[in-house]
Amino acid sequence: MAATEAHAHLLGEITCGSLLRKLQDIWDEVGESDGERDKMLLQIEQDCLDVYKRKVEQAAISRAQLLQALSDAKVELSSLQSALGEKSSAGIPGKTTGTIKEQLAAIAPALELLWKQKEERIKEFSDVQSQIQKICGEIAGTLTIDDQTPAVDETDLSLKKLDEYQCHLQELQKEKSDRLHKVLEFVSTVHDLCAVLGMDFFSTVTEVHPTLNDSTGVQSKSISNDTLSRLAKRVVALEEDKKQRLQKLQALASQLIDLWNLMDTAEEDRALFDHVTCNIGASVDEVTVPGALALDLIEQAAVEVERLDQLKSSRMKELAFKKQAELEDIYAGAHIEIDPEAARERIMALVDSGNVEPTELLADMDDQISKAKEEAISRKEILDKVEKWMSACEEESWLEDYNRDDNRYSASRGAHLNLKRAEKARVLVSKIPALVDSLVAKTRTWEEDRGVSFMYDGVPLLAMLDEYAILRHEREEEKRRLRDQKKFQDQHSTEQEAMFGSRSSPAKSTSGKKVVGGRANGGTNGTPGRRLSLNASQNGGRSINKDGKRDNTRPVAPVNYVAVSKEDAASHVSSTEPVLVSP
């Protein structure tokens with residue numbers, strides 16, 4: 001009102017009354033009739049009514065607009081509350097009172113707050129949905145850089161819906177982590193397998209997917225189903241390749257060891273292929289050394305096998321003859337007679353024919369050597385007794401020669417040593433009968449267990465013992481005859497002395513040194529005659545010389561195994577009950 005009055009004052013205090021008075025003054029001056037004056041006054045009143053009417057209409061329109069705005073605000077407020085899941089918020093009036101503008105002014109802050117919350121909520125939904133879309137794309141393998149931001153459903157922006165999206169996102173993130181872990185495990189396995197196989201890891205893994213190389217960040221690696229499937233297939237293929245290469249390498253290593261053993265290869269040469277033979281008994285999982293199954297290593301082993309295989313035949317004869325010599329040594333040590341020339345000719349024929357594998361031939365010879373060793377062990381106890389028997393017979397022969405020496409008690413140099421040896425020899429000779437009996441018993445037991453004769457350098461041992469018993473018996477008979485002869489001579493000398501008063505010395509009829517003549521059934525040194533003499537010259541102890549032939553080093557029986565001194569023979573062997581051994 002004050003503003004209107006001020007405005008009127010500025011216009012010279014122009015009012016309707018002043019204007020009407022001025023109009024009347026004009027009409028009076030002009031002389032307008034009362035009718036015209038009424039007519040014009042009615043027109044003025046109508047114009048004023050029209051102006052008020054328009055103003056009222058405008059005010060009504062404005063009021064309606066304000067009411068619509070208020071209604072819209074209330075609807076929007078309700079919609080925002082529904083979308084955000086908020087029943088009431090701080091600053092939102094619970095009861096609308098006052099004018100329309102006052103109501104609008106009261107709702108405006110609440111609307112602004114809800115709009116701000118909506119924008120923030122939309123941003124949160126957009127971020128969560130973008131992450132979900134990205135992880136889903138990574139899992140499906142369809143993620144591209146140009147992927148658009150997912151549209152947010154603005155009708156439901158509630159925290160409950162947001163929590164659902166976040167829970168789904170967490171599940172996807174866990175699945176992504178699990179998939180990434182699997183991918184890294186596969187990549188690590190591929191790396192280890194490529195290292196063992198000597199393959200290029202970078203090219204192998206990038207063939208599956210370009211993002212799997214080491215230069216790519218962990219979070220950027222592909223975790224799609226296709227990538228996992230291809231990685232799994234590649235690991236299976238590499239493991240199969242590793243298995244096949246290991247089998248091939250182990251086969252080559254076995255061939256190398258067989259050839260080395262066959263050819264007696266030096267340890268220095270074998271050490272060059274330790275990296276091959278070290279895995280001969282390893283399982284697939286135990287081979288982890290880089291390059292252990294590389295193709296060039298397998299090729300190197302194959303070339304070495306081929307080279308040794310070509311040299312194998314040239315070494316076969318040498319190795320076979322070496323084993324044959326070992327076999328002959330064993331038989332010679334066990335006094336078993338064999339035909340070495342025939343065995344060597346057979347080896348030559350087998351090697352030259354090529355019908356027998358070298359390994360089989362050497363294995364057969366090793367088997368023969370093993371059996372020969374077993375045979376030698378089974379004969380050892382008897383052979384030891386044979387050696388003792390022969391040594392005793394040799395001492396017996398020496399003792400007889402010693403007893404024939406009239407100067408054995410002289411004070412000559414070394415006489416005391418011979419005396420000690422003679423004492424020991426007499427003890428040893430006294431054990432010969434028991435030794436022979438034990439030897440016969442063990443030989444018979446041995447033959448009964450095996451069903452074959454015990455041969456000593458081609459001669460049955462029992463036959464030798466029987467021959468020895470016969471010769472010993474004959475020797476005893478000869479001694480008895482000599483004793484009887486001496487007794488008769490002594491009696492005759494006594495009678496002569498009684499008759500003529502003198503006694504001749506029969507010992508002086510020969511010489512100052514007592515020499516026994518040729519022995520019964522033997523040579524001048526008491527060597528047994530008959531078949532033992534022949535056997536001694538043909539089947540004596542032998543050794544293998546460098547040409548593979550045997551040399552006679554000692555006879556089967558001792559040079560004199562029945563010579564017993566006159567003084568000791570009667571006390572050790574009964575002349576009436578000689579030792580007889582049947583073959």
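Residues are numbered from 1 along each chain as its sequence is written, and side-chain values use heavy atoms, with hydrogens and water left out. Because the model is predicted, local features need pLDDT of at least 70 and side-chain atom pairs count only at pLDDT 80 or more, whereas totals for chains, interfaces and linings use all residues.

Q: What makes Glu164 and Lys161 a salt bridge?
A: A salt bridge is a side-chain nitrogen of Lys or Arg within 4 Å of a carboxyl oxygen of Asp or Glu. The closest N and O atoms of Glu164 and Lys161 are 3.9 Å apart, so the pair falls within that limit. Both residues lie in helix α5 (residues 159-197), 3 residues apart, about one turn of the helix; helices (H or I, at least four residues) and strands (E, at least two) are DSSP runs, numbered from the N terminus.

Q: Why is Glu164 called partly exposed?
A: Buried means under 20% relative accessible area and exposed means over 50%, with partly exposed in between (1.4 Å probe, protein chains only). Glu164 has 42% relative accessibility, and it therefore counts as partly exposed. Lys161, its partner in the salt bridge, has a relative accessible area of 28% and is partly exposed. Asp163, which also lies in helix α5, counts as partly exposed at 41%.

Q: How do you know that Arg344 and Glu328 form a salt bridge, and where do they lie?
A: Their side chains meet at 3.6 Å, N to O. The pair links distant parts of the chain, with Arg344 in helix α11 (residues 340-353) and Glu328 in helix α10 (residues 295-333), 16 residues apart. Arg344 counts as buried because its relative accessibility is 16%, and Glu328 counts as buried because its value is 0%.

Q: What makes Arg475 and Glu400 a salt bridge, and are these residues buried or exposed?
A: The side chains of Arg475 and Glu400 meet at 3.2 Å, N to O. This pair, too, links distant parts of the chain: Arg475 is in helix α15 (residues 461-500) and Glu400 in helix α12 (residues 358-404), 75 residues apart. Arg475, at 8% relative accessibility, therefore counts as buried, and Glu400, with a relative accessible area of 3%, is likewise buried. In the structure as a whole there are 19 salt bridges.

Q: How confident is the predictor, and which residues have a pLDDT below 50?
A: pLDDT is the predictor's confidence in each residue, from 0 to 100, and the protein averages 76, with 79% of the residues scoring at least 70. Over residues 503-583 the pLDDT is below 50, although beyond near neighbours in sequence this stretch has 174 contacts in the model, where contact means heavy atoms within 4.5 Å. Where pLDDT is low, the predicted coordinates should not be read in detail.
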